[in-house]
Amino acid sequence: MDAPPVNHLEHCPAPAKLNLFLHVVGRRADGYHLLQTAFRMLDWGDSLDFALRTDDTVRRTTEVAGVPAEQDLVVRAGRLLQQATGCRLGADISIDKRLPMGGGLGGGSSDAATTLIALNRLWGTGLSRAVLAQLGLQLGADVPFFIFGRDAFAEGVGEELQPLTLPPAWYVVVAPPVLVPTAEIFGAEELTRDTEPIRIMDFAASTTRNDLQAVACNRYPAVGAAIEWLAQFAPARMTGSGACVFAEVGGEMEANDIVNKCPAPMRAWKTKSLARHPLSDWLD
């Protein structure tokens with residue numbers, strides 16, 4: 001998409017996601033799990049600022065606890081875009097990190113997707129949405145969803161995406177005081193890996209679950225405690241590989257009421273669904 005040259009892109013959103021369900025339907029020969037899931041984007045997340053550099057340095061200018069800059073997906077995303085396009089420009093990237101780490105909300109993947117979308121515009125590299133999504137898959141299985149830019153039914157390792165039309169909704173998200181490593185949950189011997197696949201047209205009528213939830217609750221009892229607490233108000237479920245759990249509620253007032261009752265050391269937020277990624281118009 002043609003756009004005038006820019007030197008700064010400020011307050012670029014990196015929305016959170018929920019997995020409304022997550023089934024593990026198989027495993028590939030390379031060890032990657034085959035999934036089915038419904039991704040829902042939320043109007044809540046991190047925010048990133050980008051400043052153009054005329055050298056080829058891609059630098060994170062803010063601290064993110066527990067994540068060295070060289071390992072950060074935003075730095076890796078910028079360098080990957082440089083390699084794919086031959087771009088010799090660089091960027092300073094700052095992150096306002098709001099999403100809890102290790103929460104199953106897609107924070108790192110969303111930050112990476114926003115970086116690819118923003119730098120594609122800042123550098124004028126002109127890659128299409130489809131090509132950018134293919135690049136994003138090299139960084140993580142959830143990255144293509146955020147570049148896809150709307151609610152989706154996902155298969156494969158999470159990269160085969162079909163649009164999903166869902167009614168607007170309010171949610172309460174609760175973070176228990178634990179970090180749940182994704183690799184540990186997917187690597188667990190007790191994980192169910194043979195759930196019967198469903199069809200997208202059957203999604204609304206199907207009985208679904210999160211196949212990772214039982215493993216996470218068994219290994220991290222605080223996750224189970226968060227589900228039990230939130231389930232007092234509405235049906236609650238874990239998102240992704242955890243640790244966060246969520247429930248759809250009747251509206252903002254109900255969400256406020258539940259959030260205000262959340263006991264320490266758990267934390268709770270209200271959020272609503274987001275129909276399209278805020279940066280979606282930057283891509284063809």
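This is a predicted model: local features need pLDDT of at least 70, side-chain atom pairs count only at pLDDT 80 or more; totals for chains, interfaces and linings use all residues.
Which residues of helix α3 (residues 129–137) are buried?

1. Helix α3. The buried residues of this helix are Arg129, Leu132, Ala133, Leu135 and Gly136. Viewed along the axis of α3, these buried residues fall within an arc of 160°, so they line one face of the helix. An α-helix has 3.6 residues a turn, so residues three or four places apart point the same way. Ala130 and Gln134, on the other side of α3, are exposed. The cover over the buried residues of α3 includes α1, α2 (107–122) and α4 (143–148).

2. The largest nonpolar core. This core has 43 residues. Those with the most contacts inside it are Phe50, Leu81, Leu116, Trp123, Leu132, Leu139 and Ile147. Two or more residues each come from β1 (8–27), β2 (33–53), α1, β4 (90–96), α2, α3, α4 and β5 (152–155). Helix α2 gives the most to this core, with seven residues. Leu132 of α3 is in contact, leaving aside neighbours within four places in sequence, with Leu81, Leu116, Ile117, Asn120, Leu127, Ile147 and Leu283.

3. Asp72 and its surroundings. Asp72 is found in the loop between β3 (58–60) and α1 (73–85). Its relative accessibility is 7%, so Asp72 counts as buried, the cut-off being under 20%. The side chain of Asp72 makes a polar contact with the side chain of Arg60, at 2.7 Å. Apart from neighbours within four places in sequence, Asp72 is in contact with Arg60, Val64, Val67 and Ile95.

4. Strand β7 and its partners. Five of the six residues of β7 (residues 170–175) are buried, so the strand is largely enclosed by the rest of the structure. β7 pairs with strand β9 (residues 245–249) in the antiparallel sense over five bridges, and Val173 has Phe246 as its bridge partner in β9. β7 also pairs with strand β10 (residues 267–272), again in the antiparallel sense, over six bridges. In β10, Arg267 is the bridge partner of Ala175.

5. Annotated spans. An unreviewed UniProt entry carries the annotation "domain: GHMP kinase N-terminal" for residues 73–150. That span is 56% helix and 9% strand, and its end C-alpha atoms lie 21 Å apart. The annotation "domain: GHMP kinase C-terminal", likewise from an unreviewed UniProt entry, covers residues 208–266. Over residues 208–266 the chain is 46% helix and 14% strand, with the end C-alpha atoms 26 Å apart.

6. Backbone geometry. Most residues other than glycine have a negative phi, and most peptide bonds are trans. A cis peptide bond joins Gly242 and Ala243, with omega about 15°; Ala243 is found in the loop between β8 (236–238) and β9. The peptide bond from Ala264 to Pro265 is also cis, with omega near 5°, and Pro265 lies in the loop between α8 (252–261) and β10. His11 has a positive phi, near 55°. His11 is found in strand β1 and, at 58% relative accessibility, counts as exposed.

Definitions and conventions: Residues are numbered from 1 along each chain as its sequence is written. Side-chain values use heavy atoms; hydrogens and water are left out. Helices (H or I, at least four residues) and strands (E, at least two) are DSSP runs, numbered from the N terminus. Buried means under 20% relative accessible area, exposed over 50%, partly exposed in between (1.4 Å probe, protein chains only). A polar contact is a pair of N or O atoms within 3.5 Å; within protein, one must be able to donate a hydrogen and the other to accept it, and residues adjacent in sequence count only if both atoms are side-chain atoms. Contact means heavy atoms within 4.5 Å. UniProt positions are given in the numbering used here, feature names are shortened, and annotations may be inferred rather than shown by experiment. The arc is that of the directions from the helix axis to the C-beta atoms. A nonpolar core is a set of buried Ala, Val, Leu, Ile, Met, Phe, Trp, Tyr and Cys residues joined through side-chain atoms within 4.5 Å. Two strands pair if DSSP finds at least two bridges between them.
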